[in-house]
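Reader: I should like to go through this model by question and answer. Please define each term when it is used.

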Amino acid sequence: MAVGSGPQPWKAEDVRRDSSWILRLTPEEADGFCTALEYAKAHPKELLDMTQADYPLPEASKQALERAIATTQGRWGLCLVKGFPTDKWTEADMRVAYWGMGLYMGVGRTQNRASEVINDVRDAGGGYKVKGGRGYNTNAGLDFHQDSADVVALLCRRTAKEGGTSKVMSSMALRDRVAEVRPDLLPVLEANNWFHSFQNSQDPSQPPYYRCPIIGQSGGHFCARTNRKNTVAAQAHFSEVPRLTPQQEEALDLLDTIMPSDEYCYSMELEEGDMQLLNSFVTLHSRTPFVDHEDPDKKRHLMRLWLSIPSSQPLPTPYAEYWGDVRAGAVRGGMRGSAITDAFLKYEKRQAEIMGMPFTPFKPVVTQEDMAKIVVAH
């Protein structure tokens with residue numbers, strides 16, 4: 001990748017000095033989302049049956065979303081859009097408006113065991129570092145990780161009483177730092193012998209864990225995928241999974257030292273009406289623990305979309321085991337779960353055609369039978 005043509009490594013001070021990744025909606029752009037919502041409410045449809053015509057955005061609002069997605073594929077790999085009129089919307093309104101926005105940005109992906117396409121990021125009493133645990137439904141601090149879509153978008157409806165700070169760092173800078181201090185660990189991170197738990201969110205045809213290198217390259221495009229919690233879960237819950245080597249443990253420990261450091265980790269406080277969008281292949285993110293308000297309607301609440309986007313990069317072949325399709329701009333990713341509906345299957349095919357994206361119906365790249373052979377041969 002030519003310098004300046006796409007994502008580049010950065011440190012925390014770099015994004016503090018350059019705010020080009022922060023976009024602010026104009027009153028005209030913000031009003032457009034309200035106008036489209038009023039139309040959608042007057043002509044109600046199920047979310048998965050909606051098309052752009054059911055959430056008709058004015059041109060200025062469309063372009064605001066296009067700029068946001070383009071920014072995630074540029075220098076920083078992240079974008080913060082401020083000024084969405086969430087204070088005018090009920091929770092139900094925001095769900096319709098947010099899904100409508102997604103229809104202009106890409107193809108939404110399912111996100112959990114229940115195959116939901118919008119996740120509510122709030123404390124619902126869930127456990128984090130437990131079998132099958134996910135972070136979005138807890139108030140826990142999270143390990144650095146990336147989500148399972150080209151772009152993860154969070155729209156903030158309510159903030160916490162205390163905590164819940166968003167933390168983001170460049171996985172490209174992480175790779176560069178490893179190369180500086182422990183170049184011998186780069187081949188370890190690039191090897192396709194890392195096993196990670198699906199945390200019970202896989203399709204029934206898939207094994208409960210998958211392989212994916214932590215660092216990869218494809219045609220000059222860098223990518224990374226790490227979530228120590230899920231790597232540890234595969235070790236803890238599946239005795240047949242090969243044990244981590246001392247070098248793999250060293251590599252994870254080194255990443256855990258670099259990622260949260262003040263030099264590499266940028267912290268931001270999301271405010272009501274903010275939308276944070278992250279390029280999953282070049283950034284890693286985390287969150288501090290939080291304390292909620294007592295009033296249920298004031299509790300911390302964000303909505304999350306996972307999006308496949310037309311401008312996404314190609315991925316290395318080994319990433320297909322998790323992502324499905326490694327072609328640039330293809331529909332891929334998500335967590336299938338066990339509740340995929342006909343409505344979703346029709347939606348993703350229709351939306352892929354609207355967005356002009358390559359689309360192949362889901363089929364596991366590695367089946368349970370395949371994985372059993374892989375583990376035996378390892």
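Reader: Is Cys212 buried or exposed?

Author: This is a predicted model, in which local features need pLDDT of at least 70, side-chain atom pairs count only at pLDDT 80 or more, and totals for chains, interfaces and linings use all residues. Residues are numbered from 1 along each chain as its sequence is written, and side-chain values use heavy atoms, with hydrogens and water left out. Buried means under 20% relative accessible area, exposed over 50% and partly exposed in between, with a 1.4 Å probe and protein chains only. Cys212 has a relative accessibility of 1%, so it counts as buried.

Reader: How many disulfides are found in the whole structure?

Author: A disulfide is a covalent bond between the sulfur atoms of two cysteines. The criterion here is a pair of cysteine sulfur atoms within 2.5 Å. A search of the whole structure gives a count of 0.

Reader: Which cysteine has the sulfur closest to that of Cys34?

Author: Cys34 is itself buried, at 16% relative accessibility. Its sulfur lies 16 Å from the closest cysteine sulfur, too far for a bond; that sulfur belongs to Cys156.

Reader: Which elements do the buried residues of α2 pack against?

Author: Helices (H or I, at least four residues) and strands (E, at least two) are DSSP runs, numbered from the N terminus. The buried residues of α2 are Glu29, Ala30, Gly32, Phe33, Cys34, Ala36, Leu37 and Ala40. Contact means heavy atoms within 4.5 Å. The elements against which these residues pack are β1 (22–24), α3 (59–72) and α4.

Reader: How far apart are the end C-alpha atoms of α10?

Author: The expected span of a helix is 1.5 Å times one less than its number of residues. For the 14 residues of α10 (residues 342–355) this gives 20 Å, and the distance between the end C-alpha atoms agrees: 20 Å.

Reader: Which exposed residues does α10 carry on the face turned away from its buried side?

Author: The buried residues of α10 are Phe344, Tyr347, Glu348, Gln351, Ala352 and Met355. They lie on the same side of the helix because they cover an arc of only 125° around the axis, the arc being that of the directions from the helix axis to the C-beta atoms. Their cover includes α4 (91–105) and β3 (107–108). The face turned away carries the exposed residues Asp342, Lys346 and Glu353.

Reader: With which side chain does that of Asp150 make a polar contact?

Author: Asp150 is in the loop between β5 (142–145) and β6 (151–158), and is buried, with a relative accessible area of 1%. A polar contact is a pair of N or O atoms within 3.5 Å; within protein, one must be able to donate a hydrogen and the other to accept it, and residues adjacent in sequence count only if both atoms are side-chain atoms. At 2.9 Å, the partner of the Asp150 side chain is that of Arg332.

Reader: Which residue takes a positive phi in the hairpin of β11 and β12?

Author: Two strands pair if DSSP finds at least two bridges between them. Here β11 (residues 215–218) and β12 (residues 221–224) run antiparallel, joined by 4 bridges, and Ser218 stands opposite His221. The hairpin has 2 residues between the strands, and the residue with a positive phi, near 55°, is Gly219.
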